[in-house]
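Reader: Hi! I'm new to this one, could you walk me through it?

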Amino acid sequence: MDNPKIRVLFVCLGNICRSPMAEAVFAHMVQHRGLSDMFTIDSAGTAGYHEGAKPDRRSAATCAAHNVPVNHRARRIRKGDFSQFDHILCMDESNYEDLVRMQPAASTARVALFGSYSKTPSDLIIEDPYYGGDDGFRTNFDQVTRCSEGLLTELGFCLSNRLARE
């Protein structure tokens, strides 16, 4: 019997900086471990400011510098996402509060801070780098990498044994 896919949605405010980076890093990590067929991965924003736009050039450039492909167009979170995804992981407290307020009562999705999956306390909040320089994007990349590793571990995929869950 096939295991159902694990469905993960990453969320930030506008879906052009942090969440598409998290989506790309997590998808790259999953693909690198040969687990792509076990996951559905996407990202969205709590606001629709940039719907249809490509990720911020600094976010895409930071991913490219680490050979992580980014292929995403910004979108706003939809009510259906709360039933279509198992894990809705956001970047900061404001995103979290917005998601909890939007979440339908019958939703089974787990809404959480993505940073809660890192062992590094300073990763809990993944700050918005939009109004800053390139350093913020590099910091975000390191954070979402650690959080992605932690999420995979939490889901039962040990880093040393890519198919520990099977």
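Predicted model: local features only at pLDDT ≥ 70, side-chain atom pairs only at ≥ 80, totals over all residues.

Reader: Great. In what order do the strands of the open sheet come?

Author: The order is β2-β1-β3-β4, with parallel pairing. Strands here are DSSP runs of E with at least two residues, helices are runs of H or I with at least four, and both are numbered from the N terminus. Two strands pair if DSSP finds at least two bridges between them.

Reader: Which strands stand at the edges?

Author: β2 (39-45) and β4 (110-113) do; each has a single partner strand, so one side of each lacks a neighbour in the sheet.

Reader: And how many bridges join β1 and β2?

Author: Strand β1 (residues 6-12) pairs with β2 over 7 bridges. Take arginine 7: its bridge partner in β2 is threonine 40.

Reader: What does α1 touch on the sheet?

Author: α1 packs against β1 and β2, and its direction makes about 170° with that of β2. Contact means heavy atoms within 4.5 Å. Axes are lines fitted to C-alpha atoms, for helices over the stretch in contact, and angles run from 0 to 180 degrees between N-to-C directions.

Reader: Switching topic: how many aromatic pairs are there?

Author: The whole structure has 5. One of them is phenylalanine 26 with phenylalanine 39, edge-to-face at 5.4 Å centre to centre and 85° between the planes. Rings of Phe, Tyr and Trp (its six-membered ring) pair if their centres lie within 6.5 Å; planes under 30 degrees apart are stacked, over 60 edge-to-face, the rest tilted.

Reader: Where do those two phenylalanines sit?

Author: Phenylalanine 26 is in helix α1 and phenylalanine 39 in strand β2, 13 residues apart.

Reader: Last one: which residues line the largest pocket?

Author: Ser116, Tyr117, Ser118, Lys119, Thr120, Arg146, Glu149, Gly150, Thr153 and Glu154 do. On a 1 Å grid over the protein atoms alone, a pocket is an open set of points where a 1.4 Å probe fits, with protein on both sides within 12 Å along at least five of seven lines; lining residues have an atom within 4 Å of a point.

Reader: And what gives most to the second largest pocket's lining?

Author: Helix α1 (residues 18-32), with 6 residues.

Terms used:
Residues numbered from 1 in each chain as written. Heavy atoms only, no water.
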